[in-house]
Amino acid sequence: MTSAVAQLYETFPFPSPAEDAPLMDMVADQLPFVLRDGDDLDGWEVLDAGCGTGSILVALARRYPKARFTGVDACRRSLDIARRCAERHGVTNVELVHGTMPELSLQRRFDMAVCCGVLHHLPSPRAGLQWLTEHLTDDGLIYLWLYDAVGEHGRMLDRELVQLLTSPDNPEGGLTTIRDLGLELSLADYGFPVGWTGTALTTAEQDVADADAYLNPVVLPMRFADMPELFAGLPLTWLAADRVFHPGGIGLVDLAGTEAGNGGAVFVRPEDLFDRPGLRERVRELGNLDRLRAIELRLRPTGFEVLAGRGAGLDRCLPRIAGNLLPYGDGPEPGAR
Ligand SMILES: C[S@@+](CC[C@H](N)C(=O)[O-])C[C@H]1O[C@@H](n2cnc3c(N)ncnc32)[C@H](O)[C@@H]1O
């Protein structure tokens, strides 16, 4: 982590400086839509890389008491808050480790490595991904949340303006610039109509969200189409899309239509995003990467999730994930008709 990134998170621990902030269930709630029925992660070792103040990590530990969780972060202040948060919720299956990817070596391997909102802040996202892969078991899964360059275009321009008008050594001054420009990050742009958790952000949490959004010195939004190159050559065997986060909500990508007829959650199929039969037909003929491009260009997501793994990892996932494969290695273009 560059010292400027470290300074930002020491000043503005993400997502909340309060240990009694509501937990963020966004990964805990999603795992039943990823993993096969009945998988309660019994005996799993799960890594949360860049766990911040622990909102996602503690929510996972509470939901999956039979698994063990390790949170890693480079920010000591965030880890102190995460520790108190875990104590407050009475979870005992969490260990917290201070360290910086990719320098840190945990000397252990994990069944699942979760990494939300972190890789795009690394000077080399590829080095961070390689580090995650090195810490994965032979059947392990990687679960990533990344900024999507399509929906983040406007914010990146606002961020550039804020940084142009702010001294890089003074993050608190940056907050004044943000306010003077009338900017305020809206979580609705990420599909969260009210806060991350259904509870409105406190003033301190809004400051943290704005500092993360506009003052972070390192941000590299990506696209689904960047994933094959980001993952190329790593000792993994598959790569798949999971969700898109956009101003209209959070959609579960279902390229192969395995969930057609299931109205219990919001599934996104590219053909459903077009009214005209000719356009629907045309988008059906595309390969998976182009079908994901159609989703991105239509919904303009600000964030997206991908899963990757090797060994039996894909068999642990529901068929929807196998229907969302992206090109990887020498295999044929998935989904091409
Ligand atoms: C935007 S926050 C995300 C926190 C958490 N994953 C979440 O989604 O709520 C990014 C976190 O990554 C941490 N971080 C950034 N670079 C890191 C690195 N190289 N190694 C470890 N942690 C890092 C920061 O300290 C910060 O807590």
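Modeller: Helices, of at least four residues, and strands, of at least two, are taken here as DSSP runs and are numbered from the N terminus. On that basis the protein chain of this predicted model has eleven helices and nine strands. Its radius of gyration is 19 Å, close to the 20 Å that the globule rule gives for 337 residues, so the chain is as compact as a globular protein of that length. Along the principal axes, the C-alpha atoms fill a box of roughly 55 × 45 × 35 Å. Of the 337 residues, 55% count as buried. Among contacts with a separation of 6 or more, 80% are made by residues 24 or more positions apart. The accessible surface comes to about 14,100 Å², and carbon and sulfur atoms account for 50% of that area.

Two strands pair with E9. Strand E5, residues 136-147, runs antiparallel to E9 and is joined to it by seven bridges. Within this pairing, tyrosine 147 has glycine 303 of E9 as its bridge partner. Strand E6, residues 238-246, also pairs with E9 in the antiparallel sense, over six bridges. Here alanine 241 stands opposite valine 306 of E9.

Strand E6 also holds histidine 246. This histidine has a relative accessibility of 10% and, because buried means under 20%, histidine 246 counts as buried. Leaving aside residues up to four places away in sequence, histidine 246 touches Leu299, Arg300, Pro301 and Thr302, as well as Ala188, Asp189, Tyr190, Gly191 and Gly251.

The surroundings can also be related to a database record. An unreviewed UniProt entry carries the annotation "domain: Methyltransferase" for residues 46-140. Over residues 46-140 the chain is 34% helix and 28% strand, and the end C-alpha atoms are 10 Å apart.

The cysteines deserve a brief remark. With a disulfide taken as a pair of cysteine sulfur atoms within 2.5 Å, the count comes to zero. Cysteine 75 is in no disulfide, and its nearest cysteine sulfur, that of cysteine 51, lies 9.5 Å away. Cysteine 85 is likewise in no disulfide; the nearest cysteine sulfur to it is also that of cysteine 51, 10 Å away. Cysteine 75 is buried at 1% relative accessibility, and cysteine 85 is buried with a relative accessible area of 4%.

Finally, proline 22 lies in the loop between helix H1 (3-11) and strand E1 (45-49). Its relative accessibility is 38%, so proline 22 counts as partly exposed. Not counting residues up to four places away in sequence, proline 22 touches Ser55, Thr197 and Thr199. Between proline 22 and arginine 77 there are 18 Å in space, C-alpha to C-alpha, and the two are 55 residues apart in sequence.

Methods: Residues are numbered from 1 along each chain as its sequence is written. This is a predicted model: local features need pLDDT of at least 70, side-chain atom pairs count only at pLDDT 80 or more; totals for chains, interfaces and linings use all residues. Side-chain values use heavy atoms; hydrogens and water are left out. UniProt positions are given in the numbering used here, feature names are shortened, and annotations may be inferred rather than shown by experiment. Two strands pair if DSSP finds at least two bridges between them. Buried means under 20% relative accessible area, exposed over 50%, partly exposed in between (1.4 Å probe, protein chains only). Contact means heavy atoms within 4.5 Å. The radius of gyration is taken over C-alpha atoms; the globule rule is 2.2 Å times the number of residues to the power 0.38. Accessible areas come from the Shrake-Rupley method with a 1.4 Å probe; for residues, only the protein chains shown count as cover.
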